[in-house]
Amino acid sequence: MWKGEKALIIATATFPCLVDVVQVATGGTLSAGIELVKKLGGVVVECSCIVELKFLNARKKLDGLGHKDVPIWALMDESILTLDGLKSKDIDTTDYKDDGEAH
């Protein structure tokens, strides 16, 4: 396992799991990781990240760098970060109690 500030690679045989733990923003970290794995003879089956900033269009950049064959999945995108759950009528906050702490 290799762990850096921004990425985690879990290697099992030739199928590593490349996780951009912060976000897909410009695609630089994922692109470098994909290229490294491919140069070492590995096969990148997919990449994942916690947050994707879609407005920066990293997927298009990765496609242009020859990584169109690698699917990328994100747990969430920037739209969830701007959601105000207390004001949204779609989110039930009946039993929600704010503890006053920043999370």
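In the predicted model, the side chains of His67 and Lys38 are joined by a polar contact of 3.5 Å. His67 belongs to the loop between α2 and β5. With a relative accessible area of 4%, His67 is buried, whereas Lys38 has a relative accessibility of 32% and therefore counts as partly exposed.

Lys38 also takes part in a salt bridge, its side chain meeting that of Asp69 at 3.3 Å, N to O. Because Lys38 lies in helix α1 (residues 28-39) and Asp69 in the loop between α2 and β5 (72-77), this pair ties together parts that are 31 residues apart in sequence. Asp69 is exposed, its relative accessible area being 53%.

Two salt bridges were found in a search of the whole structure. Besides the pair formed by Lys38 and Asp69, a salt bridge links Glu52 with Arg59, whose closest N and O atoms are 2.8 Å apart. Glu52 has a relative accessible area of 5% and is therefore buried, the cut-off being under 20%. Arg59 is partly exposed, with a relative accessible area of 32%.

The largest nonpolar core comprises eight residues: Leu30, Ile34, Val37, Val44, Cys47, Leu62, Val70 and Ile72. Helix α1 supplies the largest share of this core, three residues. In soluble globular proteins, nonpolar side chains tend to be buried together.

The mean pLDDT of the protein chain is 75, and 70% of the residues score at least 70. Among the elements of the chain, helix α2 (residues 58-64) has the highest mean pLDDT, 87. The lowest mean, 45, is that of strand β1 (residues 2-3). Where pLDDT is low, the predicted coordinates should not be read in detail.

Key: Residues are numbered from 1 along each chain as its sequence is written. This is a predicted model: local features need pLDDT of at least 70, side-chain atom pairs count only at pLDDT 80 or more; totals for chains, interfaces and linings use all residues. Side-chain values use heavy atoms; hydrogens and water are left out. pLDDT is the predictor's confidence in each residue, from 0 to 100. Helices (H or I, at least four residues) and strands (E, at least two) are DSSP runs, numbered from the N terminus. A salt bridge is a side-chain nitrogen of Lys or Arg within 4 Å of a carboxyl oxygen of Asp or Glu. Buried means under 20% relative accessible area, exposed over 50%, partly exposed in between (1.4 Å probe, protein chains only). A nonpolar core is a set of buried Ala, Val, Leu, Ile, Met, Phe, Trp, Tyr and Cys residues joined through side-chain atoms within 4.5 Å. A polar contact is a pair of N or O atoms within 3.5 Å; within protein, one must be able to donate a hydrogen and the other to accept it, and residues adjacent in sequence count only if both atoms are side-chain atoms.
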